Amino acid sequence: MQYERPQSTAEAARLLHGATGPARILAGGTDLIVQMNAGVAEPALVVDIKRIAGLRDIVAEDGGFRIGAAVSCAEMGEHAALAAAWPGIVEGANLIGSTQVQGRATMAGNLCNGSPAADSVPGLVAAGATARIVGPEGERDCPVAEIPAGPGKTTLKPGEFVASFFLPGRPARASDAYLRFIPRTEMDIAVASAAVNLVLAEDGSVAEARVALGAVAPTVRLVDAAGAALVGTRLEEDALEALAKACRDACAPIDDKRGTIEFRTKVAGVLARRAALIAYTRAGGRT
Amino acid sequence: MTRQDKITRAFKQVGTRPPRPDGIDKVTGRAMYGADMTAPGMLWGKVLRSPHAHARIRSIDTSAAEALEGVKAVVTGADFTLPEDDFYRDVAVNCMAQDAALYDGHAVAAVAAVSEAVAKAALKLIKVEYEVLPHVIDVDAAMTTGAPVVQPGRAYENVPEGMSENVTSHCEFGHGDLAAGFAKADVIVERSFRTAATHQGYIEPHACLASMGGDGRADLWCCTQGQFHVREVCAEILGMESSQLRVTASEIGGGFGGKTTVFIEPVALALSRKAGRPVKIVMKRDEVFRATGPTVHSSIDVKIGMTRDGRITAGEAHLRYSGGAFPCGTVDMGAQSAFAAYDLDAVRTFGWNAMTNRPKEAAYRAPGAPQAIYAVESVVDELCQKLGLDPLDVRILNAARKGTKSAYGPTFDEIGLLATLEAAKAHPHYTAPLGPNQGRGLSCGFWFNFGGNTCVTMNLAFDGTVTITEGNPDIGGSRASISLMAAEELGIPYDKVRTIVADTASIGHNDITDGSRVTFSVGLAAIEAARDAIAKMCARVAKIWGIDPDAVEWKDGAVHPSGPNAGKFPPMTLAEIAATSPNTGGPIAGHYEVNADGAGVSFGVHLVDVEVDPETGATKVLRYTVFQDAGKAVHPDYVEGQMQGGAVQGIGWALNEEYIYGEDGRLQNPGFLDYRVPVASDLPEIETVILEIPNPGHPYGVRGVGETPIVPPLAAISNAVSRAAGVRLTELPMSPPRILKALSAQG
Amino acid sequence: MVKVLLWGSLRSATGGQAEVEVDATTFKELLDRLAEDYPGLRPQIERGVSLALDGVIYREAWFTPIGPDNEVVLMPYMTGG
Amino acid sequence: MKTIPVSTRVNGDSVEFLCAPEETLLDALRNRLGLTGAKEGCGSGDCGACSVLVDGRLVCACLVLAAEAEGAEIATVEGMAEGERLHPLQRHFIDSAALQCGVCTPGILVAAKALLDHNPDPSDEEVRYWLAGNLCRCTGYDKIVRAVQSAAAEMRGA
């Protein structure tokens, strides 16, 4: 195995392009090194992107934020402005693994690992975040929702990697929330999860709503019908039940060691309801 | 052993909480555990494991691995001579498969190489030709006639004709007339239960460093609960003489019963013998889960009858346990302990062990008891609910006590069950208010406790300090407790005593650190060794004073004239006697060797409050209190530690821990990610109440405390969850999907 | 003679008797007599048995004295964690 | 296989070592530098027994490549005491009996120190969540939480 530590995205792209065997990006390493230790991944090339200028920064951009691909989840939690604007995204990132793992793990790694249960991805999808992708043909921006392609798979082309995320600016009465279900209080992979991103109208009703579910389908899923169920409401009981039903209907989970189809489907609806109420309260709404 | 009638001694040091002697080493990273030792010229060993649940091994081709640069030795089953004795042969076959792989993870070959990386690469070059055979994972399936047979011809003579060949043993215990008992009942509840296999989950994987010379002499460093047992077993498997193998127990990073046997130690020795160099093997976590001891998994039917006023009239249990791919006697202990907490006229338990294609069971705290008592205590709780009776009152009414003919045969002597039940009843926890979706559960727990073979040597240095040499790895602070007991007996300060755990060449045989035996039996031997040293000191002083040995006595750490007639001499302290010992006959030592009996059974009661989320089935443990009889708590911090640690292991067993197998018979969760042991944020404070009902079989009244605490949590939590959820749970673990399913089923 | 209480599954070796009488004054003698008088018990005795004497469990001690007034219960040999 | 030279600082001392590209920091600390205080309990970041600080950040050394340590500042349990003077956490762990087998203790001490360095007065719940990645199988965590709190109180001068 070859370990490289490029100083620029262009150099990283060149290294990936020239790789003669399986190549992997190393940001936080909390998935990659686990796989290497277990003998599941045996890359010929590992490209450590942490020394690339800007990739460890969170900066204001166009009223929103640009978050470098090597920014750790813990660093996101320590960024007061980001945590105030996008509390749901930050709480998703801060649920990944332990304190130790959060010190290293990145959203980019979480996304590119391709797990349908990735904790930071539903929030990004609900937020309408975009990823800046660097590859042999230069840079392109792509909605995060379009990157997952199934368990362990992404739509990134060979030689491409995520360099940063962009979270758009948002109006005053807006917020988000993320909840996941795990059997313990910490340290587990989500059995089901839900992120809700709301923008409220002046009168406190929901003007815009985006709902994304995790761990209930081969990829994180944006559920348009679930968002639609909330628009125009103040999260009254029937709106919440319509939300939960839309979420349950959108589920296509599997039975596995972490949960059953029945359990995941039911709990996805419960989590969406609860997350919607949290986001609504955060946005200044009162039920 | 002399039985103590009444222990009324006022202790000066026993019962205090001094710092443990290994504390500084363990907080500074200096303590040496299994994987921390290295040797010059050391090689790294790695084990190749079966990917199949059950397969015939047609052939193993190791030539390519042997040819790899840096590989110094390769071994397979052919390198081990199989002992004749069943017990040793099963251990040997478990360490290295012979003609068949019996479970996913079963060792089939091993290599030693100059680095871990080369060893790993070499494993990939070993070609094993398997013929995959049908497998069986579930105990009930294994007991069905026509099930795939794990090993033929392993049934004991006590197995009735016509059962599946996987059934290896049958047992039956109890007394009285069951039919008459049930006829007297106003209500009878009959339920079936299932419990998953769990793992001890020690944080330190198995590790060892073996060095064997051409002359057949060997040294072995390993993390184990019993270095003498390791020596006996390895000597047997490798055809060595015990005295030629010196085993040193490293500091041990948790065992809980799981380090009472060997897995990699004979393999490392065989590799070292072949390579002529030291070999270190350290298991990876997935190997620990796949190939080392889980508990049995079980399927249990319980039937209990009760009168309207809460008297149990009869109890019956059928226990089906599987200890994995080998015969296993754990069900015997389950069948004996199931009803141990009750005073019953009619009781009967029946046990069967059946082999499955799972790893060989290893002991885990009170092996066999948690499952059986979970099932019984669940049914008792349900009867209380049905009859509207207070579950603690019902336990008090039916509690076994001195004079009770126990369900497993003998009549109980002094036991602490009633006292613990009454302490629970008087505790504010029992009457604290509960909120919505909350429930309170309780359960009794029981364990036999053992003594066993024990040697202690006590040497007095010329400066008056004392070294105690004992042979039991310290897994819970026992060096502190033993030093305390010796200091108490000698009348010298705790910090003048140092207790060390010796290797197998430095002291006589000591049984494994198991059965909650160490504080009891090593403590007893240390006290007796101190008495031996005291007798010698008295004799020396009598000589110095020129009086009869009978005319001196030991008091408060010094020899005194025993009365005015003995003469007037200023007392001589231990330090003074030690300092003059070269002049009075040479160094002074005390020692004691015994196969200790009289450990005294142990009872505990746990109380727990939980809250169940009705929408997700998640259980939160809100409050937890442990009540247990410790006989005499020598170092109360570590008694509490045993009670808290055992309780939390039981909480994990009740709620989340389980071995999950796929259709292919492979273990699906061989890691701490999906084998979910409790984390700090899952738990409340674990409150402890120590009761001290002296054990007449120990000079200070000590009872073992280590195992009982894992027994009650299973039923206590299940009872609390069942009451909170309003539906009776009968399967462990009570994972959220299971609870939510039960809630949905009831509508 | 001492009365020895056997556990249930051993009774097939004693013609169904739950309690048998043997002539013994120690644990060792008791085991020897039992194995002689009831050969069906021999495999279990060889695998290991414990003895409860007036409620106290002895796992191995041969010379443990046993008298006619003692309560003697045979138990499987046990191990712990 | 090409080895990589690494210059780094461990517990304040400059060290240099050669490592394999896929070697973890944990293996380098244990096998090349003789610092066996950090333990491998799982190799997957699930147990925390290998907790160390890299540039002040709490991480699992099993999930860091040794090569990444180039130019970094690493702190392990071996650096917690100053000579014979134990860190208050170390002292309180002994006094409160917060360890039994002790194999998780180095990782828990490093993690607890990282907590108190940025939050000198945590609630019990904060301690429990911060330490959720450090498995202890012996103690049930009760005495660990108490020891961290009593050390925190002493460090605050309370």
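Residues are numbered from 1 along each chain as its sequence is written, while chains are lettered from A and ligands numbered from 1 in the order in which they are written. Since the model is predicted, local features need pLDDT of at least 70 and side-chain atom pairs count only at pLDDT 80 or more, whereas totals for chains, interfaces and linings use all residues.

View 1. Chain A is split into domain 1 (2–167) and domain 2 (174–282), with bounds from an automatic or database domain assignment. Their centres, taken over C-alpha atoms, are 24 Å apart. Here 25 residues of domain 1 are in contact with 27 residues of domain 2; contact asks for C-beta atoms, placed from the backbone, within 7 Å. On the domain 1 side, α5 (87–93), α8 (121–127) and β8 (148–150) of chain A each supply at least two residues, and α8(A) gives the most, with six residues. Helices (H or I, at least four residues) and strands (E, at least two) are DSSP runs, numbered from the N terminus. By class, this side has 16 nonpolar, seven polar and two charged residues. Ala, Val, Leu, Ile, Met, Phe, Trp, Tyr, Cys and Pro count as nonpolar, Asp, Glu, Lys and Arg as charged, and the others, Gly among them, as polar.

**View 2. Chain D against chain B.** This contact takes 44 residues from chain D and 43 residues from chain B. On the chain D side, the elements giving two or more residues are α2 (88–95), α3 (105–118), α4 (124–130) and α5 (142–156). The largest share, four residues, belongs to α2(D). Sorted by class, the chain D side holds 23 nonpolar, 12 polar and nine charged residues.

**View 3. Inside the largest nonpolar core.** The core, a set of buried Ala, Val, Leu, Ile, Met, Phe, Trp, Tyr and Cys residues joined through C-beta atoms within 7 Å, has 439 residues. Helix α16 (residues 518–545) of chain B brings its largest share, 14 residues. Cys247(A) is among the residues with the most contacts inside the core. Not counting residues up to four places away in sequence, Cys247(A) touches several residues, including Ala194(A), Val211(A), Leu213(A) and Ala272(A).

**View 4. An enclosed helix in chain B.** Helix α8 (residues 265–275) of chain B has 10 of its 11 residues buried, so it is largely enclosed by the rest of the structure. Buried means that 20 or more other C-beta atoms, placed from the backbone, lie within 10 Å of a residue's own. Among the buried residues are Glu265(B) and Arg273(B). After α8(B) comes Gly276(B), with a positive phi near 70 degrees.

Notes. Two residues are in contact if their C-beta atoms, placed from the backbone, lie within 7 Å. A residue is buried if 20 or more other C-beta atoms lie within 10 Å of its own, exposed if 12 or fewer, and partly exposed in between; C-beta atoms are placed from the backbone.
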